[in-house]
Amino acid sequence: MPDDVVTMDKIVSLCKRRGFVFQSSEIYGGISSSYDYGHYGVLLKNNVKAQWWRSMLQERDDVVALDSAIIQHPKTWEASGHLAGFTDPLVDCRTCKLRFRADHLDVSACGKRPSKHPGETADCDLTEARDFNLMFETTVGPVKEEGSTVYLRPETAQGIFLNFRNYLQFSRKKPPFGIAQIGKSFRNEITPGNFIFRTREFEQMEMEFFVPPAEAQQWFEQWLAERRGWYLRLGIREDHLRLRAHEADELSHYSSGTSDLEYLFPIGWQELEGIANRGDFDLTQHAQHSGQKLEFVDTVSGERYIPHVIEPAAGADRALLAFLVDAYDEDEIEGEQRTVLRLHPLLAPVKVAILPLVRKDGQPEVARHIHAELRERFQAEYDEGGAIGRRYRRQDEIGTPWAVTVDHQTLEDDTVTLRDRDSLAQDRIAIAALADEIERRLRAPWTSPKSS
Ligand code: GAP
């Protein structure tokens, strides 16, 4: 069961209230399924992506980075199978003019579906299902003519396959090795929804790991464990994360085995990330369509083969939503209700807030000085407006793990209090030791207090 404190409505409302995520184009009435990230949303998403890069690049020496173009040669999508196969079955309702995914249609509800007019219901009159390609189409150049059609990429993965040969030739990579990238993808989803869970424009964090064919299964299992561990190390509660292997009829056209990491969102268990064994499908297809050899040749042994590919494919927006949901909490302090984001400190948009207890007696000056020093090492915020309790709540609500308070004692002995968002402990600490102490806490292993 999803935990009952957090609902999607509460997350949406917090995101808007505190400037994490806004409905896009709101002054024009909004545009469905498009969202803009505000200040704290940008900081949080950057942290999610930084932790992903860190786990791929800094903590390993067998993965390298790529940033490929969004618009690729249109033959890419012929070869990848997306032109023919990246479709959802779509039905239109002639009465209410709404569109539905035929495979997600609740047939029992079909006879009396709400009409577009509030307060009315109308009989649904559905068309036959037809395949609807999810790729966004556009044209290059000023004239729309034959050959000018291109597509916005529906996955970042293909940019990696198109560059595979470059990494063999110029970077002298040898399987097993991976190429990782983060970037925007676009899908003309028939039924986007649930806030940033499913949108038409979203960011993916994908890595294609090229391996000798005989090692594919072993690497598939290693990546399942590695990716599960990544979410757990960043504080996702273990009982809210599970692995689910795809049934044969669920597999994508390229996959010979996929498992989803699923998270228990307020809308139930849903895919967070897919880990697929893509075999040699993509390299073989691109070799055939481009006429180029896409294989690894061992110059010493003469061995040659088309590597198989293991792909962990995550969504940055969906991961951010899972971290927010997992962190959201409400409690009561001294009779006052508080909303708190119990985010892993590494993900928290702001690491430390610096607060003078009062706006006089030289406290703001000292606090500003501490702020100037701490911001050299951490995302830090200075706040002197309003009662101290209200300022703590404001920081709790955006997930700031620590608050430094400058008080009258600070001016006597150069110490401050360091308040912990979760335990509420306030430790007295010398200003000179502050930055190192925050660094130490930031690097310490962390488990969500919501687990206990
Ligand atoms: N290259 C494989 C691939 O794209 P996918 O399961 O379609 O696989 C991978 O997508 C991840 O991208 C998903 O697990 C999800 O986190 C994210 N994702 C996919 N479609 C999305 C959408 N419409 N909105 C937000 N995130 C999406």
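# Briefing on a predicted protein model

The protein has 12 helices and 25 strands in its secondary structure. The model is predicted. The C-alpha trace spans about 75 × 75 × 50 Å along its principal axes. Of the 452 residues of the protein, 52% count as buried.

**The largest pocket**

- The largest pocket holds about 1400 Å³ of space.
- Its lining is made up of 44 residues, and Phe86, Arg187, Arg198, Ser252 and Glu271 are the ones that lie nearest the centre of the pocket.
- Several elements each supply at least two residues of this lining, including the helices α4 (82–85) and α8 (316–327) and the strands β4 (87–92), β12 (201–211) and β14 (257–265).
- β18 (308–315) and β15 (268–279) are also among them, and β15 gives the most, with 6 residues.
- By residue class, the lining of the largest pocket divides into 18 charged, 14 polar and 12 nonpolar residues.

**The cavity**

- A search of the whole structure for cavities of 30 Å³ or more finds 1.
- The largest cavity contains about 60 Å³ of space.
- Residues that line the largest cavity include Leu234, Gly235, Ile236, Phe323, Asp326 and Ala327.
- Arg342, Leu343, His344, Leu347, Trp446 and Ser448 are also among the residues that line the largest cavity.
- The lining of the largest cavity has 7 nonpolar, 3 polar and 2 charged residues.

**Salt bridges**

- The count of salt bridges comes to 41.
- One of these pairs is Lys49 with Glu203, whose closest N and O atoms are 2.9 Å apart. Lys49 belongs to helix α2 (residues 39–58) and Glu203 to strand β12, so this pair ties together parts that are 154 residues apart in sequence. Both Lys49 and Glu203 are buried.
- Glu59 pairs with Arg54 in a salt bridge, with 3.0 Å between the closest N and O atoms. Glu59 counts as partly exposed because its relative accessibility is 47%, and Arg54 counts as partly exposed at 30%.
- Arg60 and Asp62 meet through their side chains in a salt bridge of 2.7 Å, N to O. Arg60 is partly exposed, with a relative accessible area of 21%, whereas Asp62 is buried at 15%.
- Salt bridges that share partners also join Asp329, Asp331, Arg338, Arg342, Asp396, Arg419, Arg421 and Asp422 into one network.

- Arg338 is found in strand β20 (residues 336–341).
- Its relative accessible area is 1%, so Arg338 is buried.
- Arg338 and Asp396 are 58 residues apart in sequence, and their C-alpha atoms are 7.9 Å apart in space. Arg338 and Asp396 both belong to the salt-bridge network.

**Gly193 and its loop**

- Gly193 is placed in the loop between β11 (177–186) and β12.
- Gly193 counts as partly exposed because its relative accessibility is 23%.
- Gly193 and Ser33 are 160 residues apart along the chain, while 6.3 Å separates their C-alpha atoms.

**A nonpolar surface patch**

- Ile70, Ile71 and Val140 form a nonpolar patch on the surface, and together they have about 210 Å² of accessible area.

Technical notes. Residues are numbered from 1 along each chain as its sequence is written. This is a predicted model: local features need pLDDT of at least 70, side-chain atom pairs count only at pLDDT 80 or more; totals for chains, interfaces and linings use all residues. Side-chain values use heavy atoms; hydrogens and water are left out. Patches are made of residues with over 30% relative accessible area and no salt bridge: like charges are joined within 9 Å, nonpolar side chains (Val, Leu, Ile, Met, Phe, Trp, Tyr) within 5 Å. Accessible areas come from the Shrake-Rupley method with a 1.4 Å probe; for residues, only the protein chains shown count as cover. A salt bridge is a side-chain nitrogen of Lys or Arg within 4 Å of a carboxyl oxygen of Asp or Glu. On a 1 Å grid over the protein atoms alone, a cavity is a set of points where a 1.4 Å probe fits but cannot get out, and a pocket is an open set with protein on both sides within 12 Å along at least five of seven lines; lining residues have an atom within 4 Å of a point. Grid points are joined across faces, edges and corners, and a volume is the space filled by probe spheres set on the points. Ala, Val, Leu, Ile, Met, Phe, Trp, Tyr, Cys and Pro count as nonpolar, Asp, Glu, Lys and Arg as charged, and the others, Gly among them, as polar. Helices (H or I, at least four residues) and strands (E, at least two) are DSSP runs, numbered from the N terminus. Buried means under 20% relative accessible area, exposed over 50%, partly exposed in between (1.4 Å probe, protein chains only).
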